[in-house]
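Welcome! Here is a friendly walk through a structure, one question at a time.

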Amino acid sequence: MVIEALKKENVDLIFGYPGGAVLNLYDQLYDADIRHIMTRHEQAAVHAADGYARVTGRPGVVFATSGPGATNLVTGIATAYMDSVPLVLITGQVSSPLIGTDAFQEADICGITLPITKHNYLVTDIADLPRIIKEAFYLAASGRCGPVLIDLPKDIQQAEGEFRYPKNVQIPGYNPTYDGHLGQINRAVKALARAKKPVLYVGGGVVSSGAHELLLELAERTETPVTTTLMGLSAFPGCHPLSLGMLGMHGTYWANIAVNEADLLIAIGARFDDRVTGKINHFAQGANIIHIDIDPAEIGKNIRADVPIVGDAKRVLIELLKKTDSKQHPDWLARIEELKNCVPLDYCQEPEGELLPQFVIESIYRETKGEAVITTEVGQHQMWTAQYYKFKNVRSLASSGGLGTMGYGFPASLGAQLGRPEETVFCIAGDGSFQMNSQELATAVNYNIPVKVAIINNQYLGMVRQWQQIFFRRRYSSVALENGPDFVKLAEAYGAVGLRAEKAAEVAVVLRQAMATPGPVVIDFRVRAEENVFPMVPPNCPTCEMIWSDEE
Amino acid sequence: MKYILAILVENKPGVLVRVAGLFARRGFNIESLAVGKTVDPTVSRMTIEVKADEKTLEQVVKQLNKLINILRISNLTHEPSVNRELVMIKVNANPANRAEIQQIVETFRAKIVDVSLQSVIIEITGNEEKLEAILLLLSHYGILETVRTGKIALLRGSKVTKNGGVKENGKDVL
């Protein structure tokens, strides 16, 4: 019944890991024409489904068994919840009569995932199952997207029932607002017309609602520069003259200063996260704030909104564009140009010197022309990717933003590659993060998923080391990874291709070699150990107080 | 300040824990909570008293609204409404002071529902001030034990809190 329902939802790919409480489910899968990707750890299955969902816009589907299988999903579910990624997770549960008896491999996964799912279900009657699956897909992928879990006891999996898949869903307590309030939209139009120094501040909501083209139209028509969050990076072309890049803790100097000097901030699908705003009462102090978001709870949560608009970014922008005239801001753009030249993003790669991580990432950008699908792990390499990889296309980045999950990027790249088989997929990783799910090399080789993993190997947990250097007087506590594995040999042990680059001249060569390889490749980039990510806004400081270099 | 929210929820297992869990993890404070079925057996009604500032209350309501099983939230704080709590109080009472206690009970329109040689149980309903007043008076005799329900509230007049809004003669008023 589950498989039939999944077919009705046009699911053609499931990520999962079998076990005792899902034997029946996997038996049904045996001769079903749905592809199942078995990862080597349940956590990787969720991350892979999450990567798939982020780059395709379709909900990712995960199977796992009860108890440890289900609890292994938790980090992945929390990752997806924080970044509003649509997932449907189906976990096995012990038979109904055994629930609550501490049976073998029993865990109250509905209770455990209560705070990290959009909604969850424990199925108690086979007759409810079709409706629940229908609701789960609807909830996951509508409104503000998120993960939905269905806990399925073994006896329910074995039960027979009539399969009638509902055409519509009726959930009385769930009615997302899609259309923005016209009065508020009119106020936004007027504010835009009056503004002399407007900035668009764009988050993942623009990506998930597919409003990227409308955003480009709005930015160009009103000559408004665009800064994005990490989640919003692929929503606006990084090479566009109006692009300011990312803002926040490791954002560009000019993005942070522009927000600081702006008289109007138009936030779309973004949530004023502390990594973006720094000290919140200093953020965009001189600006009127228009806040467009599908989730009413985000509006006014962290910051006052002068013009609140609850609605889907795409629909709100359609209305907004109907009434918005073109406008020029030559003085404002000149000021931004000045800021860009004042503190540019740069580094100095000596041809024979130590390899710099920024150079490696910029090389990946050059070799892929900004058109690859990129996933990242979490840490310094993630921030350098945000700074130096200029994303050209929407949905071309999958990165754990809200939860900051190390171990996310590599399995996510597998899901991303399966979702977009024609494209080049790079996972930009750190040597620490990659080791959190490196067992998935087996999955990559097993299904010949041709992802390219670029390990920015600095032999440290780089971001933690950077904080220890700056805020704890270089007392490096438990951050050295000097006895890490030989990543080339590790790749080879799994049957993947392993490459290494230690000099600047080798970088483009190994990247081309990797892209010409039909299967999965791991590249070990041995980079300078104590390189830091700058600019950097120290935690809980105003975003205009940036540190630019080691000397400060 | 204290706010009173009337919340209609689907009468399903686990809904209470979703609501309580939300309060706990977002750091909101529940002063009191009462829950029971409504005339529609598929719908339960919770009355929650929240101690918060206005901004926090706004977040409480918005976050509660995101719970799929919640049908309707009404803020009754600034509406004319009848608020009641019920308390049972077990007080030391000997033959010498029982008459005195009896007098207090009558003044407050409370009831004695159990009598033993050494104690009585008093049942009283009312708003918070009234309950606090009798508790203060009875504390002179020695309160052995009390139990109280959470606050419950209904709008005055013909207005009702219904799934779909607060309605008066079928028209939305809140």
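This is a predicted model: local features need pLDDT of at least 70, side-chain atom pairs count only at pLDDT 80 or more; totals for chains, interfaces and linings use all residues.

Q: What lies at the start of helix 22 of chain A, and within what distance of Val488(A) does it reach?
A: Here a side chain meets the backbone: the side chain belongs to Asp486(A), and the backbone nitrogen to Val488(A). A side-chain oxygen of Asp486(A) reaches to within 3.0 Å of that nitrogen.

Q: Within what arc do the buried residues of helix 22 of chain A fall?
A: Helix 22 (residues 487-494) of chain A has as its buried residues Phe487(A), Val488(A) and Ala491(A). Looking down the helix axis, these buried residues line one face of helix 22 of chain A, because they all fall within an arc of 110°.

Q: Why can residues three or four places apart point the same way in an α-helix?
A: The answer lies in how many residues make up a turn. Residues three or four places apart point the same way because an α-helix has 3.6 residues a turn.

Q: Which residues are exposed on the other side of helix 22 of chain A?
A: The buried residues of helix 22 of chain A pack against helix 19 (431-434), helix 20 (441-446), strand 16, strand 17 and strand 18 of chain A. On the other side of helix 22 of chain A, the exposed residues are Lys489(A) and Ala493(A).

Q: How many residues of strand 18 of chain A are buried?
A: Strand 18 of chain A spans residues 521-526 and is mostly covered. Of its six residues, the number buried is five.

Q: Which residue of strand 18 of chain A stands opposite Gly498(A)?
A: Strand 17 (residues 497-501) of chain A pairs with strand 18 of chain A in the parallel sense, over five bridges. Strand 16 (residues 452-457) of chain A also runs parallel to strand 18 of chain A, joined to it by six bridges. In that pairing, Val453(A) has Val522(A) as its bridge partner. The residue opposite Gly498(A) is likewise Val522(A).

Q: Which helix makes a β-α-β unit with strand 17 and strand 18 of chain A?
A: The unit made with strand 17 and strand 18 of chain A is right-handed. Its helix covers residues 504-516 of chain A and is helix 23.

Q: Which strands stand at the edges of the open sheet of six strands in chain A?
A: This sheet has the order 9-8-7-10-11-12, with parallel pairing. Each edge strand has a single partner strand, so one side of each is left without a neighbour in the sheet. The edge strands are strand 9 and strand 12 (307-310) of chain A.

Q: What is the bridge partner of Val199(A) in strand 10 of chain A?
A: Strand 7 (residues 198-202) of chain A and strand 10 (residues 264-268) of chain A are parallel and share five bridges. Across this pair, the bridge partner of Val199(A) is Leu265(A).

Q: What angle does helix 11 of chain A make with strand 7 of chain A?
A: Helix 11 (residues 212-222) of chain A packs on the sheet and touches strand 7, strand 8 (226-228) and strand 10 of chain A. Its direction and that of strand 7 of chain A make an angle of about 170°.

Q: Is His250(A) buried or exposed?
A: His250(A) sits in the loop between strand 9 (243-246) and helix 12 (253-261) of chain A. Residues that His250(A) touches include Met383(A), Gln387(A) and Met463(A). The backbone oxygen of Pro535(A) lies 3.1 Å from a polar atom of the His250(A) side chain. With a relative accessible area of 3%, His250(A) is buried.

Q: Which strands are the edge strands of the open sheet of four strands in chain B?
A: The order in this sheet is 2-3-1-4, and the pairing is antiparallel. Each edge strand pairs on one side only, and the two are strand 2 (29-37) and strand 4 (70-75) of chain B.

Q: Which residue in strand 3 of chain B stands opposite Ile4(B)?
A: Strand 1 (residues 2-10) and strand 3 (residues 43-51) of chain B run antiparallel, with nine bridges joining them. Opposite Ile4(B) stands Glu49(B).

Q: How far apart in space are Gly142(B) and Arg18(B)?
A: Gly142(B) lies in the loop between helix 4 (128-138) and strand 8 (143-148) of chain B. Gly142(B) and Arg18(B) are 124 residues apart in sequence. From C-alpha to C-alpha, their separation in space is 38 Å.

Key
Residues are numbered from 1 along each chain as its sequence is written. Chains are lettered from A and ligands numbered from 1 in the order in which they are written. Side-chain values use heavy atoms; hydrogens and water are left out. Buried means under 20% relative accessible area, exposed over 50%, partly exposed in between (1.4 Å probe, protein chains only). Two strands pair if DSSP finds at least two bridges between them. A crossover is right-handed if, with the strands pointing away from the viewer, the path from the first strand over the helix to the second runs clockwise. The arc is that of the directions from the helix axis to the C-beta atoms. Contact means heavy atoms within 4.5 Å. A polar contact is a pair of N or O atoms within 3.5 Å; within protein, one must be able to donate a hydrogen and the other to accept it, and residues adjacent in sequence count only if both atoms are side-chain atoms. Axes are lines fitted to C-alpha atoms, for helices over the stretch in contact, and angles run from 0 to 180 degrees between N-to-C directions.
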